[in-house]
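Hi,

Here is the structure I promised to pass along. Have a look at it first, and then read on for my notes.

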Amino acid sequence: MKKLLSAALTAGLTALQAATITLNVDPEQPVMAADCRQDAMIRIELAAPPPEQTADRAKVNLSIVLDRSGSMQSDNKLQKAREAAIAAVELLSDGDLFALTVYDSEANTLIPSMPVTRSAKADIIRTIKNIRPGGSTALFAGVSLGAHELRKNAQEGYVNRIILLSDGLANVGFSRPEQLGSLGGSLIKEGISVSTIGLGFDYNEDLMTALAQNSDGNFYFVENSRDLPKIFEKELGAALQVAAKDVKLRITCPDDVKLKGILGHDCSIDGNTLTMKFNQLYASQSKVLILQVEVPPQKPDTRLALSSVSTELTALDGTPVRIPEVAAAAEFTTQTEKVEQSLNPAVRADVVVTQSALNKQKALEEADRGNFYGANKIMEDNAEYVLTNVGAMFDAAADNAAAAPAALKLEAEAKLLEQQQIDLEASQDDSEQFNKARKRIRGTNYQFLNSQPVQQSQEHH
């Protein structure tokens, strides 16, 4: 089921000229068993066009917030961080805005928010090259000061982005994940997203993902500082390719269908209406969400509306755009074969990988409590669940070519899960190995569940 944002709606828009934003709403099982209460999974996909279809790239209001605490002296980290910041500056164009904040025991603004020009770049780069290491890690203060610089020049048509780098634990000021998450939640209300980069194995991944999640930013786990310039370049490249802002998703269900939520996401549910908000949609991004609803028993040969989805967003020039409502429905039958044949392979694959990510998160929670037996059991059950679906999907691909891509996607998840299971089991008596395994799992989970436009390699370095 598909609706397209028509040319009439995009006419006159600067950032969305000649663009088509696609909203797909597809049930996993468009034919369901009659006479029983059951859950239905529905995939919602909001897809933006590739960048070459948009007239202009976004202007960016960028604030880089760099950790220069004492730990950044080791392994050439600070040098690579300086190189990464310089690489990001080189990507900026006239009309972009830039600010630089550094933090150790306290936060300091080295470069107040300013327009980027050719001559200004040379001054900015000289300042970055002169950054020297300091003391502790006042991360909260650094982000707050970086946001203050963004506010100075906040204006319509700009993407407001903080890129935060940290290699250690926040140990000055507010330092708990919920406190940084709350800061992220307040920043997104101002249209500011924080993309976080955790360097090495000593940072707090719960804190960094909470800040990114609540501000609709991206998260990167960088094991080796040599990869920092590449990560900064990819993150800024994504920011420069924002296609729309202030994305609001509204899902409604009939009175007899119960909304249970979006898998892996906190959302606001009021009766039979669910709302979610995102700060931006990137060019070429497919934002995928799995909606779960409870369906009451239905008589055979009936048809039931399951949900309807509408989306509002803002073009970069401030023009509001509304995508027409798209509905999902199901038919009901007592014929098991009809139910099985109606399965949408692509939706099933996304449901399975999403559920696998949530199961891995539960395993980490058990391991955090010291219950490695319980964690390993969850991982084993999860592997069986994924592998069962891999086999079923390859069987389906023999008769249905549309199932082949879904089978390959599930096979890739099974291989990743096998390595993660080995890593977690091997880390039971080794806190350092557990720290590494935890960060890798949290990182890949975050990037998948949030449809991050730039996803890192899932292989070990």
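Below is what turned up, starting with the sheet and ending with the cavities. Keep in mind that this is a predicted model.

**The sheet**

There is an open sheet of six strands with mixed pairing, and the order across it is β7-β6-β5-β8-β9-β10. The edge positions go to β7 (107-115) and β10 (219-222); each has a single partner strand, so one side of each has no neighbour in the sheet. From one strand to the next, the twist averages 15°.

Inside the sheet, β5 (residues 59-67) and β6 (residues 97-103) run parallel and are joined by seven bridges.

Two helices to look at here are α6 and α7. Helix α6 (residues 205-214) packs on the sheet and touches β8 (158-166), β9 (192-199) and β10. The direction of α6 makes about 160° with that of β9. Helix α7 (residues 228-239) also packs on the sheet, with β5, β8, β9 and β10 as the strands it touches. For α7, the angle of about 160° is with the direction of β8.

**L139**

This residue belongs to helix α4 (residues 139-152). Is L139 buried or exposed? Its relative accessible area is 1%, under the 20% cut-off, so L139 counts as buried. Leaving aside neighbours within four places in sequence, L139 is in contact with Y103, L164, S166, A170, V172, L180, L207 and M208. L139 and V65 are 74 residues apart in sequence, yet their C-alpha atoms are 8.9 Å apart in space.

**Two positive phi values**

D246, in strand β11 (residues 242-252), has a phi near 50°, which is positive in a residue other than glycine. D246 is partly exposed, with a relative accessible area of 32%. D301 is not a glycine either, and its phi is positive at about 65°. D301 sits in the loop between β15 (286-295) and β16 (303-314) and is exposed, at 74% relative accessible area.

**Cavities**

How many cavities of 30 Å³ or more does a search of the whole structure find? It finds three.

Cheers

Note on methods: Residues are numbered from 1 along each chain as its sequence is written. This is a predicted model: local features need pLDDT of at least 70, side-chain atom pairs count only at pLDDT 80 or more; totals for chains, interfaces and linings use all residues. Side-chain values use heavy atoms; hydrogens and water are left out. On a 1 Å grid over the protein atoms alone, a cavity is a set of points where a 1.4 Å probe fits but cannot get out, and a pocket is an open set with protein on both sides within 12 Å along at least five of seven lines; lining residues have an atom within 4 Å of a point. Grid points are joined across faces, edges and corners, and a volume is the space filled by probe spheres set on the points. Two strands pair if DSSP finds at least two bridges between them. Helices (H or I, at least four residues) and strands (E, at least two) are DSSP runs, numbered from the N terminus. Axes are lines fitted to C-alpha atoms, for helices over the stretch in contact, and angles run from 0 to 180 degrees between N-to-C directions. Contact means heavy atoms within 4.5 Å. Buried means under 20% relative accessible area, exposed over 50%, partly exposed in between (1.4 Å probe, protein chains only).
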